[in-house]
Amino acid sequence: MATSPADTQATFCATLVDEWVRSGVTDAVVAPGSRSTPLALALAGEPRLRLHVHHDERSAAFLAIGLSLVTGEPTVVLTTSGTAAVELHPAVVEADLAGVPLLVCTADRPAELIDVGAPQAIDQIHLYGRAVRWAHAPGVADAATASRWRPLAARAYAEATGGRPGPVHLDLAFREPLLGTAGPLPAAREGGGPWVWRSALTPPSDPLIGPREDLQGRRGVILAGPGSGDGEAVAALAAALGWPVLAAPQAEVWQVPDATITAADGFLRDPAVAEALRPEVVLHLGLPLASRVVGEWAAASGATHVVAAGPGRWVDAHGVAAVVLDDPVDPLLEAWGAQLEGVVPVEDGRWRQRWGDVAAAAVEALEGALVAAPCVTEPGSARTLLDALPAGARLVASSSMPVRDLEWYGPGGRRVTVLANRGANGIDGIVSTAVGVAAASSDPTALLIGDIAFLHDSNGLLGAAARGLDLVMVVIDNDGGGIFSFLPQADALDSERFELLFGTPHGLDLAALAAVHGIATATIRADDSLEALRAAVDAALAAGGVHVVVVRSDRGANRALHQRINEAVGSAARHALDA
C-alpha cells in the first residue's frame, strides 16, 4: 500500500475507477480543475474508459446524461470544488426525475479548509439535497481504511443502478499535494467481476392487477410514456385487450409499426370525439406524455386509473390514480404477457377499431394541412427530420415545441430511438445531451431543438466538431420563445409587453454562432420548402461529422398552422365517428 498522503489519494482514486469499470462503467466526463486532480488522473489513466473533457461543468453533466441514456450505465462526471460543483445541479435534477444513472463526483477541500475563508471552499455536503439516490463524503483518503474503498465504489454504483436508477453524489476531499503515484490496489473479487453483484429482477408472481381478471372486457386506453417498457410487450398487451396505445415518441412502443395512435392531441380537443372515446380504464406506463390535452382528457374521463411507472415513481399529477404498482415495468409486462392467452379483446375489437378509424382520418387531415402549407413549417420540419433518419438512428428532442411536434404529428412505427430530457422538462443542457448521445453511439444521431434552447446551451458546442461525432442539429429558429405563443398570455397582453417578457426575440445569427465553433452549417429560409430541409439533412448525414441546420420560422404563422391542423383533425375525426 502507498505510504505518502499524495500516493494514498492516488491509490484511493485508482481503486474507485477500477471498481467502477469492473461493475460496468464505460464513460467519464471531466471538467478541468485543480482540486479534482487525483481522480482526474485516475480516470485518464484507465484504458478501459472512454474519457470526455468539457470546459463547462453544466454542459459536462448533461453530456454525461446523454452518454448514460445510450449505455444504460452510470457515467462518471467530475468537477473541482466550489461553484463548479453547483453547476452540476440542473443535470442532477434531470437525472433524478428521468431515472438516469450518474456517478457525480465533486472534489472538495479537506475539513481544515472549510469555514476559514479558503478559496473555492463552499458547503458541498448534501449539495443536491433529495435529488440524489445516495450522497456520501468519505473525507480525505486514509490508508487505514483501504479495505473500504472497493465497497464504497460498489455501493455508489449499486445505488445509481438499483430499482430506481438515478444520480449518486460522492463529495471527495483531497489534500495537497494533489499529485501522487498509485500503488497496489486493494484486492478485488476473483475473476475480474465487481465487488457486489446486483440481483436479477424477476417478474412478480402475482401482480396486483391482471389482464384477464381486472382489465378484460373493459374499454381501456394505454398511455405509454418514457420508461414504459418493452415496446413489443406493450403492443402485445394492447392487442390482446383490444385497447389503443397513445405513446410519447420516447416510448419503445412508438417504434412498433401500427401499434400506436397518431394525432390524438388534435382530435381529443374536439368535445364530441373526446366523449365518444371515453374509456373505462386508463393504464399509465412510465412517465406522462407531453400532451396536456391527453392528460386532462384521461383525468376527466371518470375511468379507473392504473399506474405502472417503476419502483419509487408516483406518477399521478391529476390525483386520480386508483392503483399504483411499484414493480419494475418490464418484469410486470412479462408477468402480464404470461397471462394473455385466452384474453378476449373488448367488444370483439370494435373499440380499438373505432380509435383506428378516427386516427386514420385525423392523420389524413393532418397531412393535408401540412401539404397545403406553402413553405417549411415547424411540424413539417419534425416529420421531415424523422423521415430522413435511417433505421437505428437516434433523435434527441428538446423540450418545449420540438418534443411536442414529434408526439402530436410524428408518425409512429419508425425504428428511430427518440430521447428527451423530460424528467424536469427543462431546456438547459440539450445540446450537450445530444453530444453525449452521439459520443456513446455508432449510429447516426440528430437533434431537434428550438433557438432559445440552442442558445441556452451554446457552450455544448465547445469542442463538438473535434470529438469525432456524427451529429446533425436541426434548430428551429423563430427568434424567441415560440411555445409561449400558445399560452393565454399571448392574447391577454399587448404585443410589446408579451414580446418583452415571453417572446424574447434575440436577433442572433445562429448559423454564425455554430460556425465560430468550426461546425458546418446550412440555413433554410422561412419561404423555403420542406424539400430544401430534407436535402440539407440528407447532405449532412452523408457527409458525417457535426452539422447545424437552421430552419427559420415565424411564431405567429406557426401558431396559426397548429390551429388549422387541430380544426382539420377534429372535423375529420367527427366524420369518422359518424361514418
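Author: Happy to. Let us begin with pairing: two strands count as paired if DSSP finds at least two bridges between them. Helices (H or I, at least four residues) and strands (E, at least two) are DSSP runs, numbered from the N terminus.

You are looking at a predicted model, in which local features need pLDDT of at least 70 and side-chain atom pairs count only at pLDDT 80 or more, while totals for chains, interfaces and linings use all residues. Residues are numbered from 1 along each chain as its sequence is written, and side-chain values use heavy atoms, with hydrogens and water left out.

Now to the sheet. Six strands form an open sheet in the order β2-β1-β3-β4-β6-β5, and their pairing is parallel. At its edges sit β2 (50–53) and β5 (134–136), each of which pairs on one side only. On average, neighbouring strands of this sheet are turned by 15° against each other, direction ignored; for such angles, axes are lines fitted to C-alpha atoms, for helices over the stretch in contact, and the values run from 0 to 180 degrees between N-to-C directions.

Helix α2 (residues 37–44) lies across β1, β2, β3, β4 and β6, at about 145° to β3. Since six of its eight residues are buried, α2 is largely enclosed by the rest of the structure. Here buried means under 20% relative accessible area, exposed means over 50%, and partly exposed is in between (1.4 Å probe, protein chains only). The buried residues of α2 are Thr37, Pro38, Leu39, Ala40, Ala42 and Leu43. They pack against α1, β1, β2, β3, β4 and β6, with contact meaning heavy atoms within 4.5 Å.

Another helix pair is worth a look. The axes of α3 (residues 57–71) and α5 (residues 89–98) come within 8 Å and cross at roughly 20°. These two helices are therefore roughly parallel to each other (angles under 35 degrees count as roughly parallel, over 145 as roughly antiparallel, 65 to 115 as roughly perpendicular and the rest as oblique). Where they meet, α3 brings Arg58, Ala61, Phe62 and Ile65, and α5 brings Pro90, Ala91, Glu94 and Ala95.

Next come the charged pairs. The structure holds 29 salt bridges, each a side-chain nitrogen of Lys or Arg within 4 Å of a carboxyl oxygen of Asp or Glu. Asp18, Glu19, Arg22, Glu46, Arg48 and Arg150 are linked in a network of them. In helix α6 (residues 149–160), Arg155 and Glu159 are four residues apart, so about one helical turn separates them. Their side chains meet in a salt bridge of 3.0 Å, N to O. Arg155 is partly exposed at 42% relative accessible area, and Glu159 is partly exposed at 25%.

Some pairs reach along the chain. Arg415 forms a salt bridge with Glu232, with 3.3 Å between the closest N and O atoms. This pair links distant parts of the chain, 183 residues apart: Arg415 is in the loop between α15 (401–409) and β13 (417–419), and Glu232 is in helix α8 (residues 231–241). Both are partly exposed, Arg415 at 38% and Glu232 at 44%. Asp491 and Arg559 also meet through their side chains in a salt bridge (2.8 Å, N to O). Here helix α18 (residues 489–492) holds Asp491 and helix α22 (residues 555–578) holds Arg559, 68 residues apart. Asp491 is exposed at 56%, whereas Arg559 is partly exposed at 27%.

To finish, visit strand β10 (residues 304–308), which is largely enclosed by the rest of the structure because four of its five residues are buried. β10 pairs in the parallel sense with β9 (residues 281–285) over five bridges, and also with β11 (residues 321–325) over four bridges. In β11, Ala321 is the bridge partner of His305.
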